[in-house]
Amino acid sequence: MREVVLNGLETLVEPADPDTLERGAALIRVGRLVAFPTETVYGLGADATSDVAVARIYEAKGRPRFNPLIAHVADVGAARRLAVFDPRAGAVAARFWPGPLTLVLPRRADCPVSLLACAGLDTVAIRVPAHPIAQALLQAAAVPVAAPSANPSGAVSPTTAAHVVQGLAGRVDMVIDGGACAVGVESTILDLSGPEPVLLRPGGVTAEDISAVIGPLAVPGADAHARPKSPGLLLRHYAPGVPVRLGATAVGPGEALLAFGADVPEGAAETLNLSPSGDLTEAAANLFRYLRALDRPGRSAIAVMPVPERGLGAAINDRLRRAATPP
Ligand code: TXA
Ligand code: MG
């Protein structure tokens, strides 16, 4: 066992033995962060069903915005409890899982994955990795595990435990060392949530392989030059049906209030407080759920109190600005 202490926080770096996997799974179940190897790249994992655990991922990566995360599960049965599988999804899952393929599918009505992990979308990205250590961890954790690549925002994806430690020491509770990743590039992302299959990100499984199972794929921005740099650019973002008014310090007639902090104005049709104590991790954890809850017909607007721009506040404000911008 090795410990790296940075910023006063301890990161355990452990060889992937059965004891480590048990402890890693236990950490995940109590909402902590565990980096683990998959056959593509190392993932920064947390309980996907916990808003607070997911908020910690964004905090650790220092992401300037809430990109939706992939929910990792051990097998197709667990995946089917999260999303609606049509025959196309069933066919590619049967052919390529476990493996380096992520499917974007409609969330089931009873999908337990945090709305924050899905960035408020009606879809969920699911992957069943093949790596034996990832498999063992997912089975022991027995919850879907949200995991982006285990690097700080803007850095390249890590393919060894040492890369993870370089980028995230002091920001992750445990790094499970499983050696180098075999594939080395991220999973292919296939969006099957609409009528046309769309390849959002090329990766470990090729478009040709997928086409052989479900026919031609639409590639966004067809020619290579027009292709957007980030699959995030293609996301349909959740936008509330009622107008969103930012920077609110008072409440207007018929408005619902998304509050922050202790000093909350009176008179709203309904008030939900992102964090009465002004904790930005708690605020991030509540953001998408509260926006949806306040988005009810008949309201004149959702008034949103100012949120400080520091730490996770930058991502919260990014999301709120989009919600306030008419499509
Ligand atoms: O190989 C991989 O996929 C690695 C390992 C750890 O599994 N993970 C990974 O995660 O690369 P990340 O967060 O770096 O990239 C996930 C991508 C993001 O670009 C995100 O926009 C997209 O998946 N994504 C996630 N959920 C989505 C959704 N509901 N709709 C569209 N795109 C989604
Ligand atoms: Mg990444």
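Predicted model: local features only at pLDDT ≥ 70, side-chain atom pairs only at ≥ 80, totals over all residues.
So, the shell around ligand 1: its residues split into 13 nonpolar, six polar and four charged. Residues are numbered from 1 along each chain as its sequence is written, chains are lettered from A and ligands numbered from 1 in the order written, and side-chain values use heavy atoms, leaving out hydrogens and water.

Back to the ligand. In total, 23 residues surround ligand 1 (a heavy atom within 4 Å), and T40, H72, R127, S187 and R201 are the closest.

Now the polar contacts, meaning pairs of N or O atoms within 3.5 Å. T40 puts a polar side-chain atom 2.6 Å from an oxygen of ligand 1, and for H72 that distance is 2.7 Å. In R201, a side-chain N or O atom sits 2.9 Å from a ligand oxygen. The protein covers 95% of the 680 Å² of accessible area that ligand 1 has on its own (Shrake-Rupley, 1.4 Å probe).

Which strands supply at least two shell residues each? They're β5 (70-72), β7 (123-127) and β11 (198-201); strands here are DSSP runs of E, at least two residues, numbered from the N terminus. β7 gives the largest share, three residues.

Key:
Polar contact = N/O pair within 3.5 Å; in protein donor to acceptor, adjacent residues only side chain to side chain. Helix = DSSP H or I, 4+ residues; strand = E, 2+ residues; numbered from the N terminus. Nonpolar A, V, L, I, M, F, W, Y, C, P; charged D, E, K, R; others polar.
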